[in-house]
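Open the model in your viewer and follow the stops below.

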Amino acid sequence: ERQWQAAAGSALPQAILSGASGYGPATRAEHGWLSEKAAQGLAIRGTAAAVGHSLEASFLQNLILAIMCVRRGEVFGPLSDDSVEAGVPEGAVDRVAVTSWGHLRGEGLAIVETDDGA
């Protein structure tokens with residue numbers, strides 16, 4: 001949670017793209033955290049089941065998807081029936097968080113956002 005606050009600052013994103021791999025304790029921890037964020041109204045999308053679980057590529061692929069979401073001003077629909085993967089942001093999407101939890105010693109968090117001149 002401290003890393004989230006440091007990366008996000010005071011402005012929360014409208015969506016989170018999760019790269020959780022399904023690896024036991026790490027994924028359970030992220031699932032709990034994502035459930036809290038979904039309850040706060042953030043759109044949650046888990047991409048690993050749709051595009052794969054590759055440690056090296058999953059974070060980069062989600063960064064690219066986040067850039068596309070911010071450029072289009074919207075987040076794509078849910079990719080699974082998972083109860084955490086829900087929500088549709090109100091208004092234009094201009095800030096998306098990307099996680100790579102669920103990989104032992106491969107965790108990461110990034111915030112993709114528009115700049116004022118975009």
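Select strand β1, residues 15–18. Both of its faces are covered: A15 and L17 are buried on one side, I16 and S18 on the other. Buried means under 20% relative accessible area, with a 1.4 Å probe and protein chains only. In a regular strand, side chains alternate between the two sheet faces. Strands here are DSSP runs (E, at least two residues), numbered from the N terminus.

This is a predicted model: local features need pLDDT of at least 70, side-chain atom pairs count only at pLDDT 80 or more, and totals for chains, interfaces and linings use all residues. Residues are numbered from 1 along each chain as its sequence is written, and side-chain values use heavy atoms, leaving out hydrogens and water.

Two strands pair if DSSP finds at least two bridges between them. Pick I16: its bridge partner in β2 is I44. Then pick L17, which stands opposite R45 in β2.

Now select strand β3, residues 95–99. β3 pairs with β1 in the parallel sense, over four bridges. Here S18 stands opposite T99.

Zoom out to the sheet. It is open, with four strands in the order β2-β1-β3-β4 and mixed pairing. Which strands are at the edges? They are β2 and β4 (109–113), each pairing on one side only.

Conventions. Buried means under 20% relative accessible area, exposed over 50%, partly exposed in between (1.4 Å probe, protein chains only).
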